[in-house]
Structures are given as C-alpha cells and as structure tokens.
Amino acid sequence: MKSKVAIIGTGMVGMSYAYSMVNQGICEELVLIDINKEKTEGEAIDLNHGLSFAPRKMKIYSGDYADLKDAALVCITAGPPPIEGETRLDTLHKSIGVMKNIIGSIKASGFDGIILIATNPVDIMTYAAWKLSGFDKSRVIGSGTTLDSARLRSALADKLDINQKNIHAYVIGEHGDSQFVPWSYALCGVQPIYHMASKNKGISFEELADIEDEVRNIAYKIIKAKKATYYGIGMSLARITKAILENENSILSVSAYLDGQYGHDDVYISVPSVINKDGVREVIELPLDKGEKEKFDKSVVVMKENIGKLDLENNLK
Ligand code: NAD
C-alpha cells in the first residue's frame with residue numbers, strides 16, 4: 001500500500017500534524033478533510049507552497065471520504081476546540097457526536113487501514129472509534145500519553161541537562177488528570193532516575209514529584225496562555241504515523257486496547273506498546289508496584305465510567 005495519509009479535522013491540531021508530516025517527509029500523499037471545505041482548500045495550497053523546501057515530493061490536496069479507499073492511515077483530529085477551565089473529559093458528549101459521524105463516513109468509504117485518534121478525551125474516543133468501526137483492536141490507536149511522555153522527557157532532560165533522546169520515561173494511564181509516571185521504569189541513558197534521586201545525583205524526589213505534576217497540568221497552562229495546544233501533539237502524531245508507515249516496531253505510550261494486561265480488559269488506555277505497520281503489535285506489561293497499580297486501576301475506573309456515559313450499545317444501532 002502506498003504511504004497515503006488522510007487527516008480529518010484541519011484545525012490547529014490537524015494542521016500542526018500536517019505541517020510536521022510535510023517537514024519530515026513522512027508520507028507520499030496527504031489528504032485534508034474537514035466540514036469546512038474552503039479551509040482545507042486554503043490549507044492545501046499553503047502547504048504545497050512549502051514543498052520546495054521539504055525533504056521529499058508529496059501530493060497534498062483537499063479531499064473527501066472517497067479518497068480514503070486506498071489510504072494506509074487516517075488520523076482524526078476533529079473535535080470541539082479546548083475551552084479554558086474545561087477538562088478533556090468535559091468534552092465527552094460534544095466529541096462523541098463528531099466521532100460517530102466521522103467513523104460512519106470512514107466505514108462507508110471502504111477504508112482498510114489504521115485509524116489514529118487525537119480527539120479528546122482521547123482514550124474514550126479511541127474506544128468509541130473501535131466499537132463504532134468494528135475494526136480489529138490493533139488497528140485503532142489513540143495518541144494517548146505519547147505527548148505527555150514527550151513533555152516528561154523534555155522536563156527531565158532540562159533538569160538533568162541531558163539530551164531528551166537519552167531520557168526513556170513514560171507517562172501511563174489516562175491522557176488526562178489521572179495519568180501518572182511509573183518512576184521505577186524511568187531511565188537517563190542506562191541510569192534509573194529513581195536511583196539518581198535517592199543519591200541526589202542531579203535530581204531529588206521532590207523535583208520528580210513536581211515534574212510529574214507539571215506534566216499532568218501543563219496543557220491547562222498552555223491553553224490559558226494561547227487558547228490551545230497543537231505543535232507538541234502534531235509532532236507526536238507524526239511520530240506515531242512514521243512508526244506505522246515505516247513498520248518500525250517502536251515503543252510508544254499510545255492508547256491501546258487492554259485484553260487482560262494489567263488485570264483489565266475492554267478499555268483503551270495508555271501503556272507502552274510496540275507499534276508497526278499493523279498498528280499495535282503488542283502491549284508491554286510493566287510489573288507495577290502496589291502504589292503504581294492502584295493509580296493505574298483508578299485511571300481505568302475513570303475510563304470505564306466515562307465509556308458507560310456514552311451508551312455506545314445504543315449508538316451502534
Ligand atoms: P480546532 O477547532 O482548531 O479544529 C477542529 C476542526 O475539526 C475544525 O476545523 C472543525 O471544522 C473540524 N470538525 C469538527 N467537526 C467535524 C466533523 N464532523 N468532520 C470533519 N471535521 C470536523 O480544534 P483543535 O485545537 O485542533 O482540537 C481538535 C481536537 O484535538 C480536540 O478534541 C482537542 O481536545 C484535541 N487535542 C488532543 C490532544 C491530544 O494529546 N490527544 C492535544 C491537543 C488537542
């Protein structure tokens with residue numbers, strides 16, 4: 001299959017993703033879809049004007065659902081824009097209407113690739129997209145805490161004065177207020193960061209707690225300052241897309257379906273997962289300690305309560 005990607009929702013997040021895709025030359029063909037057709041046409045023209053400076057030739061155009069038939073991946077970035085003071089979960093009912101409409105059109109198009117979701121609340125919208133699409137669970141993925149993990153790596157790298165690429169640390173659970181960091185699996189190169197904190201080597205336990213808190217709440221600060229967050233998520237989506245199109249078998253903390261792992265099933269939540277051309281090849285099960293397991297279980301409860309509010313069985317009819 002050629003590396004054709006479609007974006008549904010060409011707002012701030014969708015276009016930041018598109019811009020990252022063009023700058024990194026991640027696909028051969030990029031289709032922009034939105035209910036605001038005039039906007040996608042303008043966006044496509046604008047992006048085409050940058051192609052002289054891009055690393056590869058790309059076909060970029062404003063399209064519609066018929067263009068999905070031979071696409072490898074569709075990324076859903078449509079949804080209500082964030083509003084200051086709202087949590088991601090507060091957008092649940094507005095987002096499900098959008099998701100239902102989009103998934104119906106994707107199914108009707110004959111699309112047979114991978115669905116990547118960014119719409120918030122992302123873990124719940126990914127579950128809904130999976131249910132509504134009838135696709136295999138491995139082919140429906142949420143961006144989950146890929147972004148939060150990048151934020152964590154950035155904060156740790158700054159504090160330790162080490163390149164972000166040498167920080168291996170994940171935020172897991174909800175892409176939202178119940179997320180947490182399993183610190184026992186955070187490494188700076190080959191050094192466990194918890195061990196570094198116990199020796200006060202460049203970082204303390206208090207600073208780790210502050211960083212975890214900052215990562216959990218940073219989106220609220222960004223939204224207060226500039227109304228929305230988009231560059232970081234755009235680049236996170238591009239990273240996940242690249243892992244899929246290039247069959248990388250890379251480990252990313254996406255929102256994946258649990259089928260008994262971590263003692264839970266029938267839920268989408270963020271855990272480190274191996275990503276390749278088939279989507280989620282495998283969920284990695286970290287042996288969490290008692291405190292971490294309690295936090296994870298709490299996050300699953302939040303997910304399940306909110307899935308329950310959607311009444312998906314009736315929505316499927
Ligand atoms: P935005 O308002 O800038 O863009 C949303 C776009 O969706 C608009 O262009 C709108 O016309 C389009 N749209 C709405 N309904 C549609 C439909 N049925 N079909 C096609 N297009 C439709 O908003 P934004 O800031 O880009 O945010 C979009 C979504 O991304 C929100 O749900 C937001 O919460 C989410 N988001 C997720 C993350 C993450 O980490 N997962 C980060 C930031 C934002």
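Visitor: Which helices each supply at least two residues of the shell around the ligand?
Guide: Helix 1 (12-24) and helix 3 (92-109) do. Helices here are DSSP runs of H or I, at least four residues, numbered from the N terminus. This is a predicted model: local features need pLDDT of at least 70, side-chain atom pairs count only at pLDDT 80 or more, and totals for chains, interfaces and linings use all residues. Residues are numbered from 1 along each chain as its sequence is written, and side-chain values use heavy atoms, without hydrogens or water.

Visitor: Which helix gives the most?
Guide: Helix 3, with three residues.

Visitor: How many residues surround the ligand?
Guide: 25, and the closest are Met12, Val13, Asp34, Ala118 and Asn120. A residue counts if one of its heavy atoms lies within 4 Å.

Visitor: How do they divide by type, nonpolar, polar and charged?
Guide: The shell has 13 nonpolar residues, 11 polar and one charged. Ala, Val, Leu, Ile, Met, Phe, Trp, Tyr, Cys and Pro count as nonpolar, Asp, Glu, Lys and Arg as charged, and the others, Gly among them, as polar.

Visitor: How much of the ligand's accessible area does the protein cover?
Guide: 87% of the 870 Å² that the ligand has on its own. Areas come from the Shrake-Rupley method with a 1.4 Å probe.
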